Amino acid sequence: MEKHTKFESEFARLGRLWTRQLYLEYERICRNHAVPLRRVCLRVWDAERSFGNWCLASRTISTSANLIKRYCWSRVINVLKHEMDHQSVDEMLCQGSKATT
């Protein structure tokens, strides 16, 4: 049982580090491309079938931990940009459309 708890604790620590880095990347993308997006909640989730998701209702961009573990960081950033595009459409074009993925 102790091994399982240690693994969960390590996964939580990695999740915090990944999330912190995703926030830095999000800010860098907005700054470098002069995109005036409203700040969102970023989270790393344990998803098997999806690499990323944008939820308008909670203003959250989720990134799959499996994506981060299995692919290079540039692919993770491309998924982040893809979800930011959905956010951009909601904020700039539709101004309140329903959540998209």
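Mentor: Let's start with a working rule: two strands count as paired when DSSP finds at least two bridges between them. Keep in mind that this is a predicted model.

Trainee: Happy to. In which sense do S2 and S3 pair, parallel or antiparallel?

Mentor: Strand S2 (residues 52-55) and S3 are antiparallel, with 4 bridges between them. To see one of these contacts, find Asn 53, whose bridge partner in S3 is Ser 62.

Trainee: And which residue in the hairpin of S2 and S3 takes a positive phi?

Mentor: Look at Arg 59, with a positive phi near 50 degrees. The hairpin has 4 residues between its two strands.

Trainee: What about S1 and S3: how many bridges join them?

Mentor: Strand S1 (residues 41-45) runs parallel to S3, and 5 bridges join the two. Here Leu 42 is found opposite Ile 61 of S3.

Trainee: How many residues of S3 are buried?

Mentor: The cut-off for buried is under 20% relative accessible area. In S3 (residues 60-64), 5 of 5 residues are buried. Thr 60, Ser 62 and Ser 64 point one way, while Ile 61 and Thr 63 point the other way, and all of them are buried.

Trainee: Now the helix. How far apart are the end C-alpha atoms of H3?

Mentor: They are 30 Å apart. At 1.5 Å a residue, the 22 residues of H3 (residues 73-94) should span 32 Å, so the two values agree. H3 also bends by about 25 degrees at Ser 88.

Trainee: How should I read the burial pattern along a helix?

Mentor: An α-helix has 3.6 residues a turn, so residues three or four places apart point the same way. With that in mind, trace the buried residues of H3, among them Val 76, Leu 80, Glu 83, Gln 87 and Glu 91.

Trainee: Is Leu 93 buried or exposed?

Mentor: Leu 93, which lies in H3, has a relative accessible area of 67% and is therefore exposed, since the cut-off for that is over 50%. Together with Val 89 and Met 92, Leu 93 makes a nonpolar surface patch of about 280 Å².

Conventions. Residues numbered from 1 in each chain as written. Predicted model: local features only at pLDDT ≥ 70, side-chain atom pairs only at ≥ 80, totals over all residues. Heavy atoms only, no water. Expected span 1.5 Å × (residues − 1). Bend = angle between axes of the 7 residues up to and from the residue. Buried < 20%, exposed > 50% of the residue type's maximum accessible area, 1.4 Å probe, protein only. Patch = residues over 30% accessible without salt bridge, like charges linked within 9 Å, V, L, I, M, F, W, Y side chains within 5 Å. Areas by Shrake-Rupley, 256 points an atom, 1.4 Å probe, with all protein chains shown as cover. Salt bridge = Lys/Arg side-chain N within 4 Å of Asp/Glu carboxyl O.
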